[in-house]
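Hi,

Here is the structure I promised to pass on.

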Amino acid sequence: MIDITREIKVFLGDNRGRFPFCNCLMIDDEIKAVIDTGAGMPFTTAGFNPDVVLLSHYHPDHTRDAAALSRPLYCHPADIPPLEKEEVLLEYTSFEELGGEQARLILDFLKYRPLAVAGGFADGDLLDLGRTRLRVLHTPGHSPGHCCFFEEREGILFSADIDLTSFGPWYGHNSCDLDAFEASIKRVMELKPAVIISGHADPIREGREEALRAYLEKIAERDRVLLDFLREPATLDQVTDQRFMYGKHPEPVFLYRHFERKMVKQHLDRLYTRGQVQVGKGVYRRLGKGRSFFKRGKIKQDCPPLCRNSITGG
Ligand SMILES: [Zn+2]
């Protein structure tokens, strides 16, 4: 656990909050609150019994163990349906495309349980917990209802899955929106927070602006790598095989390959919309000219290290 102020503490998740766990925020005030519940261990291990649970978004690595807490849950309305119904979660996460057996394996891996949500909050709401007041920032992209929470007096930001990991932004579900994610990162940058606490990385006090800029730049870097690769035509599966996003796919491999494919598709869709690639019969190709740093047959050696250091998944 890391003390940020007298009332605000970071409850570090298992494996330092790396997927499928997350870091959570504990606010020990007149109203005791937690933000997210995916630490992989109960808050009672820190002697803390929250009155309410605030969820940054619907992803199961942030909500595991929420059912066991039996406290009122609040979330942005756009993310409530997949919290409450498994079939909606399967649709939002695109796990339904994997078929019943693999989808079930993933839900068990993530310990998904449908939850009853007590209510929602909206962009701009001020959550008054006593001395601590949290401004809700609706920051969609990673999920439709993804929210950050900003303690304005001291500039403390809980950025959830604008997570500032070395992997970079993650958008591996159909319900993700790459353009919205970029806009949300820019919005967070404008806040100039003094401390950033995220769902999957250690709190950042020094170099916050640089960390946010590098995180945002990952998206443009991925665009460039894909555009360069598509100087020669390739299908979505052929691009996925290059593992440009992950570098390598850990176990369960089918799950990470699925995430890779979805993230690549997000880029291809917007490159198509921007008129930078064309697509016909499932084959993508770059439009216009550009210098290539790839040579076919040597792709892995020449691949820029987009994401060698950390594994993420939602
Ligand atoms: Zn997430």
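Helices are DSSP runs (H or I, at least four residues), numbered from the N terminus.

From helix 7, the contact uses Arg222, Asp223, Leu226 and Leu227, while helix 9 brings Val264, His267, Leu268 and Leu271. "In contact" is when two C-beta atoms, placed from the backbone, lie within 7 Å. Sorted by class, that makes five nonpolar, one polar and two charged residues (nonpolar is Ala, Val, Leu, Ile, Met, Phe, Trp, Tyr, Cys and Pro; charged is Asp, Glu, Lys and Arg; the others, Gly among them, are polar).

Two quick notes on the source. This is a predicted model, where local features need pLDDT of at least 70 and side-chain atom pairs count only at 80 or more, though totals for chains, interfaces and linings use all residues. Residues are numbered from 1 along each chain as its sequence is written.

On to the domains: the protein chain splits into domain 1 (2-216) and domain 2 (219-302), with bounds from an automatic or database domain assignment. Their C-alpha centres lie 29 Å apart. At the interface, 16 residues of domain 1 are in contact with eleven of domain 2. Helix 5 (100-109) and helix 6 (178-191) each supply at least two residues of the domain 1 side, and helix 5 has the largest share of that side, four residues. By class, this side has nine nonpolar, five polar and two charged residues.

Leu226 comes up again in the largest nonpolar core: 82 residues, with Leu25, Cys148 and Leu226 having the most contacts inside it. A core here is a set of buried Ala, Val, Leu, Ile, Met, Phe, Trp, Tyr and Cys residues joined through C-beta atoms within 7 Å; buried requires 20 or more other C-beta atoms within 10 Å, exposed 12 or fewer, and partly exposed is in between.

Lastly, Phe254 in helix 9 is exposed, with 12 other C-beta atoms within 10 Å.

Cheers
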